[in-house]
Amino acid sequence: MQRSVDPWRRIALIFPGQGSHSVGMGERLYHASRAAREVFRRADEVLETKLSSLCFEGPEEELERTINQQPATFVISMAWLAALKERWAAIDRRLQPHVLAGHSMGEFTAAVAAGSLEFEEGLLLVRERGRAMDEAGQENPGGMASILGLSEESVLAICDQATGSDGYVGIATLNCEGQNVISGAVGPLKRAMDAAQAAGARKVVRLPITIASHSPLMQRASDTMSGWLERFPPREPDAPVVGNINADVLRSRGEVHAELRDQLTSVVHWQRGVERMQELGADLFVEVGPGNVLTKLVRRIDPKTNVVSLSDDRTGLLSERFAAVESATQ
């Protein structure tokens, strides 16, 4: 199966969210691409801090913090995108995505890539998103857990039963069939995890974060982001963006604004979004950012789908195989 980026295909650019980070991410790219280096330089300048050093060197516990992890992932993703555009410009090709989407925080990256936000606006919004989520988590402590091997209906029923007087727990992301993430207050979350194990889940894993993303516990953070989006209002995107909330196709500035405003308290419908991009004609998915979390999810949703991660050592942008495909298109 073809796994490299073919510039003649109808490309869906997909951008990862929180959880795809690792110490050292982007360092090899920094040395390989002038365009990527410029992205890191601009980010350090805008944030008035050495975010690039944090990405390359850590320490891990500092990179793990939501307030750092989100802008770091955003910047790495934008650096990969800049490097891809740079490489294609060298062979007289121009990147024209057919459609774009991001997973959770990645929606802000997608909005920038689609021209709906400027780079500096997106970076500041993501930083404030991380800060707002961190503060909301301190006010209403919670957590998240991944549940493998149970249907959406089963997980919904478990969460309904686990929600009680001590708080809420519910589905946060519907990534693909049999792989869901739940989110909520600590007590209800633990009860739901225990119930999922008892119901025969293949795997139940508590995620290493203390915030309840995509749940009502993030309402304060959502309100904060609403104010920031008034300050940096999105513009009409240059290409359609598929949202997380209902897998709607976002074509206007108002639709992008509403999506970015409401996403923190809404479920991420990732599988539905991938299927919507396929309906729109996308026949090659390119994960733009650190890691390959979304690449794996797309393959589980549809094993026949052509998908590649730009950061993949074997088939990504810096691999020999990618260079061979570029040469063949000249």
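A pocket, as the word is used here, is an open set of grid points with protein on both sides within 12 Å along at least five of seven lines, and its lining residues have an atom within 4 Å of a point. The model is predicted. Its largest pocket holds about 940 Å³ of space. The lining of this pocket takes in 38 residues, and those closest to the centre are Q18, N175, V181, L207 and V293.

Several elements contribute to this lining. At least two residues each come from the helices α5 (66-90), α7 (119-139) and α13 (293-301), and also from the strands β3 (142-148), β4 (169-176), β5 (179-185) and β6 (203-206). Helix α13 gives the largest share, five residues. Sorted by class, the lining has 17 polar, 13 nonpolar and eight charged residues.

The second largest pocket holds about 460 Å³. It is lined by 24 residues, of which L81, K85, V112, A113 and G115 are the closest to its centre. Here α2 (34-47), α5 and α6 (106-113) each supply at least two residues, and α5 gives the most, with six. The class count for this lining is 16 nonpolar, two polar and six charged residues. On the α5 side the contact is made by T66, I67, Q70, P71, F74, V75 and M78, and on the α7 side by F119, G122, L123, V126, R127, R129, G130, R131 and M133. By class, this contact has nine nonpolar, four polar and three charged residues.

Helix α7 also packs against α10 (residues 219-231), with the two axes coming within 8 Å and crossing at roughly 155 degrees. The pair α7 and α10 is therefore roughly antiparallel, and α7 passes α10 in a right-handed crossing. From α7, the residues L125, E128, R129, A132, M133, E135, A136 and E139 meet R220, A221, T224, M225, W228 and L229 of α10. This contact divides into eight nonpolar, one polar and five charged residues. R129 and M133 of α7 take part in the contact with α5 and also in the contact with α10.

A further helix pair is formed by α6 and α11 (253-262). The axes of α6 and α11 come within 10 Å and cross at roughly 160 degrees, so this pair too is roughly antiparallel. The crossing of α6 and α11 is left-handed. In this contact E107, F108 and A111 of α6 meet V256, E259 and L260 of α11. Four of the contact residues are nonpolar, none is polar and two are charged.

Rolling a probe the size of a water molecule over the atoms shows where empty space is left. A cavity is a set of points where a 1.4 Å probe fits but cannot get out. The structure holds one cavity of 30 Å³ or more, and the space in this largest cavity is about 50 Å³. Its lining consists of E107, A111, V241, L250, V256, E259 and L260. The elements that give two or more residues to the lining are α6 and α11, with α11 giving the most, three residues. Five of the lining residues are nonpolar, none is polar and two are charged. E107 and A111 of α6, along with V256, E259 and L260 of α11, belong to the helix contact and are also listed in the cavity lining.

Two backbone details remain, each in a loop. The peptide bond from G58 to P59 is cis, with omega near 10 degrees. P59 is found in the loop between α3 (51-57) and α4 (60-64). E48 has a positive phi of about 55 degrees, although it is not a glycine. E48 is found in the loop between α2 and α3.

Conventions: Residues are numbered from 1 along each chain as its sequence is written. This is a predicted model: local features need pLDDT of at least 70, side-chain atom pairs count only at pLDDT 80 or more; totals for chains, interfaces and linings use all residues. Side-chain values use heavy atoms; hydrogens and water are left out. Grid points are joined across faces, edges and corners, and a volume is the space filled by probe spheres set on the points. Helices (H or I, at least four residues) and strands (E, at least two) are DSSP runs, numbered from the N terminus. Ala, Val, Leu, Ile, Met, Phe, Trp, Tyr, Cys and Pro count as nonpolar, Asp, Glu, Lys and Arg as charged, and the others, Gly among them, as polar. Contact means heavy atoms within 4.5 Å. Axes are lines fitted to C-alpha atoms, for helices over the stretch in contact, and angles run from 0 to 180 degrees between N-to-C directions. Angles under 35 degrees count as roughly parallel, over 145 as roughly antiparallel, 65 to 115 as roughly perpendicular and the rest as oblique. A crossing is left-handed if the near helix is turned anticlockwise from the far one by less than a right angle, and right-handed if clockwise.
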